[in-house]
Amino acid sequence: MSATATSASPSAGGAPGLRLGGPAPDFTLRDQFGQDVTLSSYRGTKAVAILFYPFAFSGVCTGEMAGVRDRLAEFMTFDSEVLAISCDPTYALRAFADADGLNFPLLSDFWPHGEVTKAYDVFDERKGCPRRSSYVVDKEGLVRWAVHNANPEGRDLDEHVRQLQALA
């Protein structure tokens, strides 16, 4: 598995490591089926919600991803795509998707370990995984919204849908 990522602009009061209104770091990662997914392939056609989550099969992450699954029609209504990224290997992501009926791309930032997660400045060096974080990237590839959520109960999916709807 390989990942490619480009660096982000320095932070200017927005999300750590990224500038709101600036370009989102591009990447190519493998999904749970072993297929390459490239962020820039959506440029000009879809906005993208990028959801970084710590670990497949963990309690909060399982609930969050099930919440996205249950509301996928709302996320996809606005000419948008949902990409969920963890540092789990593709085999674990496939088992996670199959076990929970997750029908959207789960991307593996396994190797080089956390390269894309680091480009978005959400890699937890101590735990070796992404911090729970979200980005909304518009059709031009610019970061329009970001949240870094330390909430142990998970992210606010209503707000994610509102942010995607604002770009429609």
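**Side chains that meet**

Reply: Happy to! Let's begin with R94, which counts as partly exposed because its relative accessibility is 35%. Keep in mind that this is a predicted model.

Me: Which residue does R94 form a salt bridge with?

Reply: That would be D98, with the closest N and O atoms 3.3 Å apart. Both residues lie in helix α3, 4 residues apart, which is about one turn of the helix.

Me: And D98, buried or exposed?

Reply: D98 counts as exposed, at 51% relative accessibility.

Me: How many salt bridges are there in the whole structure?

Reply: A search of the whole structure finds 11. One of them joins the side chains of K46 and E81, at 3.5 Å from N to O. This pair links distant parts of the chain, 35 residues apart: K46 is in the loop between β3 and β4, while E81 is in strand β5.

Me: Why is E81 called buried?

Reply: Its relative accessible area is 10%, and buried means under 20%, so E81 falls in that class. K46 is partly exposed, at 27%.

Me: What about R162 and E159?

Reply: Their side chains meet in a salt bridge too, at 2.9 Å from N to O. The two are 3 residues apart in helix α5, so about one helical turn separates them. R162 has a relative accessible area of 45% and is partly exposed, and E159 is partly exposed at 22%. There is also a network of salt bridges linking E64, R132 and R155.

Me: Changing topic: how many aromatic pairs does the search find?

Reply: It finds 6 aromatic pairs across the whole structure. Among them, F57 and F96 form a tilted pair, 5.1 Å centre to centre with 55° between the planes.

Me: Where do F57 and F96 lie?

Reply: F57 lies in the loop between β4 and α1, and F96 in helix α3, so the pair ties together parts that are 39 residues apart in sequence. F57 counts as partly exposed at 47% relative accessibility, whereas F96 is buried at 0%.

Me: What kind of pair do Y120 and Y135 form?

Reply: An edge-to-face one, with 5.0 Å between centres and 65° between the planes. Y120 lies in the loop between α4 and β7 and Y135 in strand β9, so parts 15 residues apart in sequence are tied together. Y120 is buried, at 0%, and Y135 is buried, also at 0%.

Me: Which residues form the aromatic cluster?

Reply: F27, F52, Y120 and Y135 form one cluster. For another ring contact, look at K118, which lies over the face of F123 at 4.9 Å from the ring centre.

Note on methods: Residues numbered from 1 in each chain as written. Predicted model: local features only at pLDDT ≥ 70, side-chain atom pairs only at ≥ 80, totals over all residues. Heavy atoms only, no water. Phe/Tyr/Trp six-rings, centres within 6.5 Å; stacked < 30°, edge-to-face > 60°. Buried < 20%, exposed > 50% of the residue type's maximum accessible area, 1.4 Å probe, protein only. Lys NZ or Arg CZ within 6 Å of the ring centre and 35° of its normal. Salt bridge = Lys/Arg side-chain N within 4 Å of Asp/Glu carboxyl O.
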